[in-house]
Amino acid sequence: MKNLKRAYWIITVVMLLDIFLYLFFGISFIGHWIDLLILWTWLILTPIVIVLQFRKKWVIRYLISLAILIILSLFPMGIPFLSIYAYATTLEQNRSYKVNDQVKIQESLIGVFAPLKIQVIRSYFVFEKVVADDVAVFEILGNHYYGLNDVQSIKQVENTTNDSLLLAFRFKEGTVIKAFK
């Protein structure tokens with residue numbers, strides 16, 4: 001019982017730290033699956049810990065605070081609640097393309113009502129950081145619009161000024177070069 005409670009609090013702290021780092025600094029663990037594993041482990045262990053420790057005062061306070069947070073997340077049109085639900089239940093949420101060993105591009109849904117975004121992500125050991133983002137629509141020849149799923153190849157273009165990352169997205173109709181700062 002003591003080990004379960006300790007494991008639960010460690011997972012809770014890791015999850016809250018991951019959320020804090022992502023919201024304020026754009027840093028997360030590498031990949032979508034590690035974040036989902038942490039979230040689902042926390043979601044599964046929460047009712048187990050609450051049921052097994054229900055008579056204790058801290059559990060009742062914790063349960064009340066979780067209920068209040070869930071209710072408060074429903075007030076702004078349910079956007080926070082729906083965002084967490086969409087994140088937790090979507091297995092193939094992000095389409096990602098590896099540019100090189102350190103840089104990948106992913107198409108991501110930032111919010112429930114937000115349009116798709118392209119995120120440029122740089123890997124650092126077990127963490128990754130969102131270094132830039134842009135709209136997920138590419139315009140070619142003024143009248144053809146494509147998404148990231150239409151890309152045939154992505155290559156990093158040499159940049160002489162080193163103030164931004166230049167990427168060339170090749171489509172059937174042509175190539176688009178985007179600069180990400």
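Trainee: Leaving aside neighbours within four places in sequence, what is Ile105 in contact with?

Mentor: Ile105 touches Arg95, Ser96, Tyr97, Val99, Ile118, Gln119, Val120, Leu148, Ile154, Leu167 and Phe169. Contact here means heavy atoms within 4.5 Å. Mind the ground rules: this is a predicted model, where local features need pLDDT of at least 70, side-chain atom pairs count only at pLDDT 80 or more, and totals for chains, interfaces and linings use all residues. Residues are numbered from 1 along each chain as its sequence is written, and side-chain values use heavy atoms, with hydrogens and water left out.

Trainee: Which residues touch the most other members of the largest nonpolar core?

Mentor: Ile105, Leu167 and Phe169 do, out of 19 residues. A nonpolar core is a set of buried Ala, Val, Leu, Ile, Met, Phe, Trp, Tyr and Cys residues joined through side-chain atoms within 4.5 Å. At least two residues of this core come from each of strands E3 (103–109), E4 (116–124), E6 (138–140), E9 (165–170) and E10 (175–180). E9 gives the largest share, 3 residues. Apart from this core lies another, of 12 residues, including Met15, Ile50, Val59 and Leu66.

Trainee: What makes H2 and H3 oblique?

Mentor: The axes of H2 and H3 (residues 57–74) come within 10 Å and cross at roughly 135 degrees. That lands in the rest category, so H2 and H3 are oblique to each other too. The contact is made by Trp42, Thr46, Val49 and Ile50 of H2 and Trp58, Val59, Tyr62, Leu63 and Leu66 of H3.

Trainee: Is Phe125 buried or exposed, and how do you know?

Mentor: Buried means under 20% relative accessible area, exposed over 50%, partly exposed in between (1.4 Å probe, protein chains only). Phe125 has 78%, so Phe125 is exposed. Phe125 sits in the loop between E4 and strand E5 (127–135), with a positive phi near 55 degrees although the residue is not glycine.

Notes:
Helix = DSSP H or I, 4+ residues; strand = E, 2+ residues; numbered from the N terminus. Axes fitted to C-alpha atoms, helices over the stretch in contact; angles between N-to-C directions. Parallel < 35°, antiparallel > 145°, perpendicular 65-115°, else oblique.
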